[in-house]
Amino acid sequence: MESVTKRYPDGTVAVDRLSLEIPDRSITVLVGPSGCGKTTTLRMINRMVEPSEGTILLDGADIQQQPVTTLRRSMGYVIQNAGLFQHRTILDNIATVPRMLGWGKHKSRARAAELMERVGLDASLGKRYPYQLSGGQQQRVGVARALAADPPVLLMDEPFSAVDPVVRKGLQDELLRIQEELGKTIVFVTHDIDEAMKLGTRVAVMRTGGRLAQFAPPAELLSDPADAFVEDFLGADRGIRRLSFFPSAGLELTTGPVVPADAGAERIAASDAPYVLVTDAAGRPLGWSDPRDLTAGDITPEGLLPYGRPFVPGTDSLRAALDCAVLSPTGWAVAVDTDGRVVGVASQAAIGEAIRDAHAAGRADDARVAP
Amino acid sequence: MNVLNFVNAFFSDGAHWHGYDGIPQRLLEHVRYSLLALALAAAIGLPVGLLTGHTGRGGNALAFIATAARALPSFGLLVLIVILMGFGLLPVMIPLVVLAVPPILVTTYEAVRSVDPSPVDAARGMGMRESRILFQVELPVALPLILSGLRSAAVQIVSTATIAAYVSLGGLGRYIVDGLYQRDYEKVVGGATLVAVLALVTLAVFWAAGRLAVSPGVRRR
Amino acid sequence: MNGFFDIPSDLQHSWWGLIGLHLREALLPVLAGLLLALPLAQLCVRVRWLYPPVLGLTTVLYAVPSLAFFVVLIDYTGQTELTVMIPLAVYSLVVLVPAIVDGVRSVPEETLAAAKAMGFGPVRRYVQVQLPIAVPAILAGLRVATVSSISLVSVGTLIGNQGALGNLLADAQKYDRPELAVNSVITTAVLAVLCDAALVLARNLLTPWMPRGTRTRPRRAGRRELPEAEKAAR
C-alpha cells in the first residue's frame, strides 16, 4: 500500500497516507483502538472501500486494474459474525465461491467437505443450517468458506471477537495451524493486542485518525515501541510480555538440588541448597523438600511441597520459566525435557541473569543494525 | 341465529349451484379478478420494493407514496373512474391495485432492509455481483416477510373485489349487491360467507407457499 | 371546477357538515375498537392459547366485505349511522388486537424482569411499562384502522345515504356531475392523510424516548450498527 488515504465526503479522514508492505505467506495484523481506520484499511484491499488517494499493489499490479468481483473472488474474506447465509446449509455456504467461479456442484461440495475437515468441523454438520451451530462453529465455517476457492490472500476483520475466550483461543490456534499448512497471506484486523501479538508475524499498530504508529514484528514492538502511544497501547506488562520472545535455551540450569527418591543421606547432605527437588526412579519430579526432613526419615509424597508447573528449556520462553519460578513455593523453576524428566532447576536469580543477557544481546543486535 | 339460517338456506338452495349466477361460476370470476389484481400489484410493488430495499434509498418517498395510496378510498375511486371511463374490467382493477400496492411495497422494502447486514457484507466481500446479492442472499432471508405483505394484500383484494359487482361485473359481490337491491338477505349473507371462506383459502395457500419456498434455515425448524 | 363545492340539497349538509359527519362516522368506531381491543389484547397476552384462534377469527371478520356487513345489519339497526359504525368498529378491533398483542409481546423480557424485581405489581407493570413501550406498535395499528375506516365510510352511501362524503358519489351519478365524485375522493383522501399525520405526531409526542431515526422503522432498531466504512461503500 503506497500512501493510501481514505477521506469521506463529510471530511473525516479514516486512513491518512498509510504505506504498508504486507509480506507474502505470513500473518500481518492491523491493531489499534476503535475508529483508527484498521477495518477501512482492510476493506480497501478488496475494494469494499475505494481509497481517495494512493495505490494498492498486489504482487506489483494495481488492484484498480482488474474487475472488482474478480479481485474479491481471489481473496478470502472473514468477518466478525461469520456472516453465514442462513438459508443455505453449511456445505452450500462453504461452496459459495467455487460455485460462483463455475465449478460443478459435485466438485464444489467435495471441496467444501474437505475444508470442513481442515477447519476442524465434523462432517455430519454439513447438512445443517447456520442457526443450528454454535458461534465458534459458525466462525469456523466462515473461515472454511473464505478458503474454499484456495485464494492466496485471506482478509479477516475481527473474526474472533464475538466468541468467548476459550473458543477464541481454540480458533487462534487453528488459524496458526492452517497458516502453517497452507502458507496464505493473511491480513488480520483486531482491537485485541494479545491476539495481535499471538498471531502476527508483523503487527501494524494504528492510531486514531488513520495513521500508522508502528509496523514491526511483535518482539520489536515490545522492545522498541516507537512512541508513547504504542507503549501505552501495549499495556503495563510490556516487559513481562516481551519475555515471551526470549528463548529459555541459554538459561543456566543446575542439577545440584535434584535428588532421586532412593538416594542416600550423604547425597542429600552434599547439596547445600535450602531445598531439594525429589524425583522418582524415572527422573520425573515429585516435589520439593527441606533437606533436614529428608535426612530425618522416609520420603512420603504427602510430605513434599508441590513443584508447580515445569518448563521445557528450548521450547518454552523465558516468560514461562519466570512464571514457573514465581509460582514455585521455593522460588526455583523446574526444567524438564519433553518426556517430563527433570533436566535441572533454575533460581529466580539465574532467570534474572538470563533476562539481562537477552536484553544485552537485543541491544547488540540493534547496535549492529542502527548505524 | 338469523345469520346461520340465512347461510344454511343459501347453500341448500340447489338453484344457487348452477348457471351463470351459480356459485362455481361466481367463485371462478372472483378468483380471476383477485389473481389479476394481485399479479398487477405485485408486478409494481415487488420490483420497486426489492430495489429500494437493496439500495436503501428512497425509503421516505416510498412511505409517502404508500400513505397517499392507502388514503385513497377504494369505493370512491371506483365510482369516480366509472363515471370518467365507463364500465369495464379496468375501472375495477385500478382501485384494487391501488389498494394492494402499499402493503406489498412497504413490506418488501422493510423485509429487504431488515436482512442482517453481515451476510450481505460477506457476499460482497467474496465478489458477488449486486444482483446476485439481492436474489441469492437478501431475497431468501426476506421471503417470509415479503410473503406476509403479499398475503395481507391478497386478503384485502379478495374482500374488496366484491365492488366489481357494483359496476355490473361478476364475482361473489354479485350476490351481495343483488341481494341488497332485492332485499334478499339470504343472498347477501351467502355471498359474504363465500368471500370469507375464499379469504381463509388464500391464507392457507400462502401458508403452504411459505412452507415450500422458505428455506428451513430461515424458518429455523 | 364550477360547482365543485355546490353540494346538492338532498344531502342536507354543507361540505363542512359532510366532513364533520364523515369524521364522526369514521373515528368513533376506531375509538370504540381501541377501547375493546385493549382488554382483549391483554387477555390474549395472558392466556397464550387464546391468541391463535382469536387471530383466525379476526382474519375471517376482516375478510367479510363491508357492504355485506352493512346489509346484514340493516335488519337489526335499520338504515342508520349505527349500521355503518358497527362494522367499522369491528374492523378496527380486528386490526388493533394483533397490533397491541405484538407490541406488548415485543417488550424485552429483561425489562419485564427488571420491573418485577423493582416490585411492580401486574397492573402497574402493564400500565407503566408494557403499554408505553407498546405505544409505537399500537399507534401503527391505529393508523391503519383510522385510514381504512375513513375510506370505508363512503360505502355507506349504498345503504340509504349513510356514507357522509360518500353520498357525493351517489349524487355524482344521479345528477351526472363528476366533479362531486372528484370532491368526494379528494376530500376523503385528505382527511385520511391529515388523521394519519395527527397520529404520527401523537406517537412522536408519546415516545420521546425513541431515537429519531428509528421511529419510522422500529424493526431496524435491532440491527447491528454498520461500521462507518460500510455505510460509505453502499
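# A tour of chains A, B and C

Select residues 180-202 of chain C. This span is 100% helix and 0% strand. Its end C-alpha atoms are 33 Å apart. UniProt, in an unreviewed entry, annotates these residues as a "transmembrane region". Keep in mind that the whole model is predicted.

**The other annotated spans of chain C**

Stop at residues 82-101 of chain C. Here too the span is 100% helix and 0% strand. The end C-alpha atoms lie 28 Å apart.

Now widen the selection to residues 19-203 of chain C. The unreviewed UniProt entry places the feature "domain: ABC transmembrane type-1" there. The span is 83% helix and 0% strand, and its end C-alpha atoms lie 24 Å apart.

**Colour chain C by confidence**

Chain C has a mean pLDDT of 80, and 88% of its residues reach 70 or more. Which elements of chain C have the lowest and the highest mean pLDDT? Helix α9(C), residues 228-233, has the lowest, at 33. α8(C) has the highest, at 90.

For the complex, the predictor gives an ipTM of 0.80 and a pTM of 0.79.

**Move to chain B**

Select residues 27-206 of chain B. UniProt, again in an unreviewed entry, puts the feature "domain: ABC transmembrane type-1" here. The chain is 84% helix and 0% strand over these residues. The end C-alpha atoms are 19 Å apart.

**Where chain C meets chain B**

Show both chains together. The contact takes 39 residues from chain C and 42 residues from chain B. On the chain C side, pick out α2 (51-63), α3 (66-77), α6 (122-153), α7 (167-174) and α8 (178-206), each of which supplies at least two residues. Which of them gives the largest share of the side of chain C that touches chain B? That is α8(C), with ten residues. Colour that side of chain C by class: 22 residues are nonpolar, eight polar and nine charged.

**One helix pair across the contact**

Zoom in on α8(B), residues 173-182, and α3(C). Their axes come within 10 Å and cross at roughly 30°. An angle under 35 degrees counts as roughly parallel, and therefore α8(B) and α3(C) are roughly parallel to each other. The crossing of α8(B) past α3(C) is left-handed.

Show side chains for the residues that make the contact:

- From α8(B): Ile176(B), Gly179(B) and Leu180(B).
- From α3(C): Leu67(C), Ala68(C) and Val71(C).

By class, the contact of α8(B) with α3(C) has five nonpolar residues, one polar and no charged ones.

**Where chain B meets chain A**

Finish on the contact with chain A. Here 18 residues of chain B are in contact with 20 residues of chain A. Select α6 (117-125), α7 (130-160) and α10 (216-219) of chain B. These elements give two or more residues to the side of chain B that touches chain A. α6(B) gives the most, with six residues. By class, this side of chain B has nine nonpolar, five polar and four charged residues.

Methods:
Residues numbered from 1 in each chain as written. Chains lettered and ligands numbered in written order. UniProt positions renumbered as here; feature names shortened; annotations may be inferred. Helix = DSSP H or I, 4+ residues; strand = E, 2+ residues; numbered from the N terminus. Contact = placed C-beta atoms within 7 Å. Nonpolar A, V, L, I, M, F, W, Y, C, P; charged D, E, K, R; others polar. pLDDT = per-residue confidence, 0-100. Axes fitted to C-alpha atoms, helices over the stretch in contact; angles between N-to-C directions. Parallel < 35°, antiparallel > 145°, perpendicular 65-115°, else oblique. Left-handed = near helix turned anticlockwise from the far one by under 90°.
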